[in-house]
Amino acid sequence: MLDSLSNSLKDALKKLAGKTVIDRVAVDELVKDLQRALLSADVNVKLVMELSKAIRTRSLEEQPPKGMGIREHVLRIVYQELVRLIWASTDVKLEPQTILMAGLQGSGKTTTTAKLARYFQKKGLKVGVICADTFRPGAYDQLSTLCEKINVPCFGNPGEKDALKITREGLGVYTDLEVLIVDTQGRHALETNLIQEIIQLNKLTKATHRWLVVDAALGQQASEQARRFHEAIGIDGVIITKMDGTAKGGGSLSAVAETKSGIVFIGSGETIEDLERFDPDGFISRLLGMGDLRALVERAEEAIRADDVDVNAMMKGKFTLRDMYKQLEALNKMGPLKQIMSMLPLGNMELPEGVYDVTSTKMVRYRIIMDSMTSPELDDPSLINSSRMQRIAHGAGATLDEVRELLKYYKMMQRTLKGLRGSGGKFNMQRLMKRFSGMQ
Ligand SMILES: Nc1nc2c(ncn2[C@@H]2O[C@H](COP(=O)(O)OP(=O)(O)OP(=O)(O)O)[C@@H](O)[C@H]2O)c(=O)[nH]1
Ligand SMILES: [Mg+2]
């Protein structure tokens, strides 16, 4: 759904690359791209405008934190604003409660009713469900079959046409249960009957929660639907279903904004166990097509804390084997480099192919080889001629090829750094790490 968002956002952010002061034109362009992408992903217009206004104002007015580039600064704001939007309190309390399920036809109410029953049952609560859907043929059978599987009582009456009557009876029978979930009818469109019925069901059940079930693939209609249900019964939580499909849930953002509630659960499959508590970071990352940003930030911070490389000396031209080792060590703490690069949404850096090849096993070998070098050799590897090489290999129990490989790697890094100094160019591990740490 928001596939294009991720791409155009990347493009727009690229335009900010290398900028050291906030560029009004570039930010405006980014905001326009963002708007276009969100609108084409069916996010509600009003919402898009609010979002982009906040992003624009903050990008222009806030100073980027020290050491953070303009691009990361803006990305961080985009990310934060999206998180803020869906970060309403969505506490699910483990106490007696009645939950009324709302949503249009096929959104996943019945399936989710059973999933929720399972969720509360696993938490040790006594659960029962009521089938108040008298519209869909076989509604009771569908729900009771699901409930049988998990041993949850299901109240209903396939012969009865009055949903209120069934619910009243159900409430009377299930007085000793702690959590009651009421499944309701769905219609293709928002019909007055449907709305009237759910208003009455809400009054009758005195529902603790009224959760709106929304299909992740729902587009613009999500907003209107959410508004109508919200006006009728006061929706206090949204459940997005079918997140296991290709849809990224863009429409649900509108539903959440419209009801000023939060996302409570995510449905991620057809079986009863496929229900997850909502994780805003993961959701936003997916929405933006960006991998797991939070994990990335945390790993980067760890790496930075663990190491401080003397960048200034390196930039002045002194890059020793020791420096190289420190950098590799820091990077290794962050996990395989290739994986990290794939987590980075904006990587337009070109890394030399060989940089990926240093595994932690190799790191251990490098360490051992370096341990049998003398201090002057470590500071100035050009001293290492072939007889020294033999001595080092012998001392480390390594082959000559291994020693050569280490030196070759060092030279490659040194060349890259030189290139960087010359051209203001492309590759700097320290800067790379700074970028990571800034993206929180
Ligand atoms: N893949 C996947 N399918 C789901 C999910 N939730 C529901 N479904 C499927 O969506 C279809 C509709 O689900 P229902 O639970 O019957 O939807 P409903 O809202 O009760 O529909 P009505 O009762 O007609 O209003 C079923 O085929 C479900 O198996 C989900 O999280 N993932
Ligand atoms: Mg149903």
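Helix α3 (residues 45–61) comprises 17 residues and spans 24 Å from its first C-alpha to its last, close to the 24 Å expected at 1.5 Å a residue, the expected span being 1.5 Å times one less than the number of residues. Helices (H or I, at least four residues) and strands (E, at least two) are DSSP runs, numbered from the N terminus. This is a predicted model, in which local features need pLDDT of at least 70, side-chain atom pairs count only at pLDDT 80 or more, and totals for chains, interfaces and linings use all residues. Residues are numbered from 1 along each chain as its sequence is written, chains are lettered from A and ligands numbered from 1 in the order in which they are written, and side-chain values use heavy atoms, without hydrogens and water.

Ligand 1 is surrounded by 20 residues, each with a heavy atom within 4 Å of the ligand. Helix α5 (residues 109–122) supplies the largest share of this shell, four residues. The table lists polar contacts, pairs of N or O atoms within 3.5 Å.

| Residue atom | Ligand 1 atom | Distance |
|---|---|---|
| Lys 115, polar side-chain | oxygen | 3.2 Å |
| Asp 244, polar side-chain | nitrogen | 2.7 Å |
| Gly 269, polar backbone | oxygen | 3.3 Å |

Notes
Polar contact = N/O pair within 3.5 Å; in protein donor to acceptor, adjacent residues only side chain to side chain.
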